[in-house]
Amino acid sequence: MRNLINFIKKHYYFFLFIALQAIAILLLIQSSHYHRSFWINSTNYISGSMYQRYSNIEEYFALKKINKSLIDHNKKLIKQTPYSFLKTDQNIFEFNDTLYKRQYTYINAKVINNSINRRNNYLTLNKGRSHGVDVDMGVITPSGVIGIVKNVSSNFSSVISLLHTDVRISAKIKKNNHIGTLIWNSPNYRKVSMVDIPPHVNVEIGDTIATSGFSTIFPENIPIGLVSNYDIKRGENFLTIDVELFQDFNNLYNVFVIKNLFGKEQKELEEETIKEAVSW
Amino acid sequence: MEKLIFRYVLRFLLLVIIQVFVLNKIQLSGYINPYAYIFFILTLPFDTPRYLMLFLAFFLGLSIDIFLDSSGMHTSATLLIAFMRPWIINAISIKKEFEPKSFPDLHNMDTRWILLYSIIMVFIHHTFLFFLEVLSFSNLFSILSQSIISSFITFILIIICFMLESKQNKRI
């Protein structure tokens, strides 16, 4: 026993190292689970408010760019209003519009922290639970998908970027509605890959890729990028398409968080079906 | 003694802030990111108790992790270099005894020693960090080239830190 104590005393340094290293590795492992409800991330009070302060300063230098992108977005929206259409049919008829029911609402947020140069990138937004943001909501800009909310605190939220090795987003080729999965596996932050497309599908360079609307997170037809290349990798039966993103992730300021009002309903129904199918 | 502690606390905070708000914002060609915060571990006094060094490394890495959302990666890599520091110092110095409270800088040690010491520490830290980041050996070459380039930039930054520090010491 005394020998053991002496041994530990002599090498306490080594054991301390192993213990602390174990804590670090534990943190690393638990972070790969989808929901980490742990304070070691940038949504906690101190780092969140520091990032907020920093971005308040930095924003001044980007006002020109932000204005330009807002003008572009406005232009797009004005084009869709009834005022910009010439009425060709002068017959007047009334209808009670029950055809449409609101499915998505949007919360605007500011990006206060962002990275593009790591394998797994995250963003921090300045809106949190008290503004209605919740886990698993989608984040977009007018020109593309940004990511999915992973953690929320009362005033901040942390988003897994599309530039993250664990993110898989259902997308389609806009012209023929074929569905595939978007993943990011290249070091280039302007490019993602679309996989699981059968080889008979007609793809051409320059085709638009948009969201499929199959998940409960993103609405349909949000633009993502253009096809820049495609081929069948050796030993695989499916096409791999390189997609050049519309959105420059190095240049993110204002984003929208999407709230799907029917998301819960859809998810419950789908889970129920799966459960019943298993019990047969 | 109090002066020394105050100085290291200040340096800790300053390095974390510079790392988070300056160095992480410089994104050189997408993939390269210098991590100069380990300058803190490099310049701890020679007679720092080993347990203290490990705890300091742990908290330094943790505070970087909190800001970068990297969950334990920097903690692990910083711990590793803090653990290996005594052996590395032992291996590369001719003189094995150091005056109490002296620390590695351009006055106490010669320039070649500082260069060698920094490059070994930086390279171990960066290589380990990039391996953890990918957690696989699949694209060994790209990891290696990335860690070499990043190490080189961090190395230059750390040498600049050493030079600034020696200037400051002269004034005192």
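## Where the two chains meet

Contact here means that heavy atoms lie within 4.5 Å of each other, and by that rule 35 residues of chain A are in contact with 38 residues of chain B. The structure is a predicted model, in which local features need pLDDT of at least 70 and side-chain atom pairs count only at pLDDT 80 or more, while totals for chains, interfaces and linings use all residues. Residues are numbered from 1 along each chain as its sequence is written, and side-chain values use heavy atoms, with hydrogens and water left out.

## Buried area

Between them, chain A and chain B bury about 3,600 Å², of which 64% is on carbon and sulfur atoms; buried area is the accessible area (1.4 Å probe) that two parts lose on being put together, summed over both. In chain A, the residues that lose the most area to chain B are Tyr13(A), Asn117(A) and Arg119(A), which together make up 24% of what that side buries.

## Elements and residue classes

Helix H2 (12-31), helix H3 (45-60), strand E1 (104-114) and strand E2 (120-125) of chain A each supply at least two residues of the side that touches chain B, where helices (H or I, at least four residues) and strands (E, at least two) are DSSP runs, numbered from the N terminus. H2(A) gives the most to this side of chain A, with 13 residues.

## A histidine in chain A

His73(A) lies in helix H4 (residues 63-80) of chain A, and His73(A) counts as buried because its relative accessible area is 19%, with buried meaning under 20% (1.4 Å probe, protein chains only). Leaving aside residues up to four places away in sequence, His73(A) touches Pro142(A) and Phe256(A).

Technical notes. Chains lettered and ligands numbered in written order. Buried < 20%, exposed > 50% of the residue type's maximum accessible area, 1.4 Å probe, protein only.
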